[in-house]
Amino acid sequence: MSTASSDHTSDHAHAPQTEGHHEEGEVHVHVNSPLFMIAIFAALIVLTVATVAVSYVDLGSANTFVAILVATLKASLVATFFMHLKGDKAIHSIIFIGAFVFLIIFVGLTNDDLATRSAVDVDNGSHRLERTGVVAPGGLQIPAAPAGATTPAAGAAAPAEHH
Amino acid sequence: MSSATTTEASHSPVEGGHGHGQHAPFLAHHFDTPAHQFDSAKLGMWIFIATEILMFGGLFVAYGLFRGQETEMFHQAHERLDKIMGAVNTVVLLFSSLTAALAVRQSQVGDRKGTTRWLIVTLLCACIFLVVKFFEYQHKFHDGLLPGHYFTAHLAQHAHHGHVLPYRAHMFFALYFMMTGLHGVHVLIGMGVLSWALKRNLDGKISSRYFTPIEIGALYWHLVDLVWIYLFPLLYLVG
């Protein structure tokens with residue numbers, strides 16, 4: 001039975017086995033030093049301040065990229081050290097990362113769906129791919145009368161009756 | 001989490017299967033060893049964490065999808081959120097993650113008082129988070145920045161000739177309330193789990209040989225922190 005023990009050298013303090021329980025099957029863990037944990041916390045705060053500061057600077061679409069990157073760094077620190085994935089059994093990391101792999105599949109297929117079907121827009125009867133103007137499968141049937149140019153991507157000005 | 005519960009039952013006559021005549025009081029009968037029990041509890045918790053990530057993942061995908069379609073609206077609507085309050089809550093949650101991890105550490109080395117202290121600090125941080133959240137929600141309710149047809153901010157804006165939020169801004173607030181609301185429910189559940197862990201510690205059930213309730217409770221709390229780590233920048237900072 002392998003346990004959650006680890007043998008890195010970085011941090012120390014003493015696992016329970018130093019207290020005289022040497023029996024087979026006891027829980028063995030790697031105990032972090034409080035100072036090390038406070039250092040991780042300090043890093044998390046620095047990253048938080050950084051991401052808030054960057055949000056005041058207009059970098060265009062790079063703002064989102066930076067925000068997600070910093071958030072991922074912070075999440076990695078929490079998972080690796082506070083949640084003890086480092087030095088833990090590999091299966092826990094595999095499960096954790098596996099959740100994100102499935103999330104990426106979810107995002108990917110959703111994006112693919114959105115990018116390859118025509119916009120379903122009642123107001124405009126659009127039946128074309130917004131990017132290329134090519135007729136795409138799905139969506140609404142185009143009415144007999146030609147429905148003008150390809151239209152407004154979402155987010156454009158609003159039809160009045162909705163207000 | 002239930003796998004972590006201890007069967008307090010004294011040794012029943014049908015005991016067998018494990019060779020030690022006397023086994024530790026915290027060891028449930030269906031586990032061979034304390035390590036076996038500990039590993040099983042953690043494995044179960046990690047699988048649960050994966051399902052939680054996928055549940056929140058659905059909301060994050062919805063956020064990404066609508067944001068892609070309504071980028072300008074999201075940007076203008078997100079400016080109605082209070083960055084500073086969000087940042088304060090981020091710091092509070094990060095600190096509570098530290099104190100939860102310290103509680104686990106103290107339980108691992110058998111420091112019962114230290115475990116109690118850090119668990120209480122963690123619970124206090126959770127309360128501060130919810131109080132800040134309450135004031136944020138109160139402000140949104142007051143301004144009519146609500147989901148769907150409850151959204152009335154545009155009426156007030158017209159009355160005061162204020163800045164008019166773009167069409168469909170209610171979608172942003174629907175996502176805002178769903179995401180922070182579900183997260184808030186997790187904060188409440190996390191407080192329940194940590195209180196339960198605290199009670200077991202006060203009852204003297206936790207030792208350096210058996211700290212599973214603290215470990216599992218803290219893992220749940222870190223998950224709450226993880227979700228917020230993504231919610232904060234996406235809702236408050238970049239919109």
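View 1. Residues 24 or more positions apart make up 73% of the contacts in chain B with a separation of 6 or more (two residues are in contact if their C-beta atoms, placed from the backbone, lie within 7 Å). This is a predicted model, in which local features need pLDDT of at least 70, side-chain atom pairs count only at pLDDT 80 or more, and totals for chains, interfaces and linings use all residues. Residues are numbered from 1 along each chain as its sequence is written, while chains are lettered from A and ligands numbered from 1 in the order in which they are written. Chain B has 7 helices and 0 strands (DSSP runs numbered from the N terminus: helices are H or I, at least four residues, and strands E, at least two).

**View 2. Helix H1 of chain B.** Follow residues 34–69 and you trace H1(B), with 36 residues. Its end C-alpha atoms are 53 Å apart, which agrees with the 52 Å it should span at 1.5 Å a residue (1.5 Å times one less than the number of residues). Look for B:Gly57, where H1(B) bends by about 25 degrees (the angle between axes fitted to the seven residues ending there and the seven starting there).

**View 3. Where chain B meets chain A.** Here 52 residues of chain B are in contact with 53 residues of chain A. On the chain B side, the largest share, 18 residues, comes from H1(B).

**View 4. Helix H3 of chain B.** H3(B) is mostly covered, with 19 of its 26 residues buried (20 or more other C-beta atoms, placed from the backbone, within 10 Å of a residue's own). After H3(B) comes B:Gly110, with a positive phi near 80 degrees.

Terms used:
A residue is buried if 20 or more other C-beta atoms lie within 10 Å of its own, exposed if 12 or fewer, and partly exposed in between; C-beta atoms are placed from the backbone.
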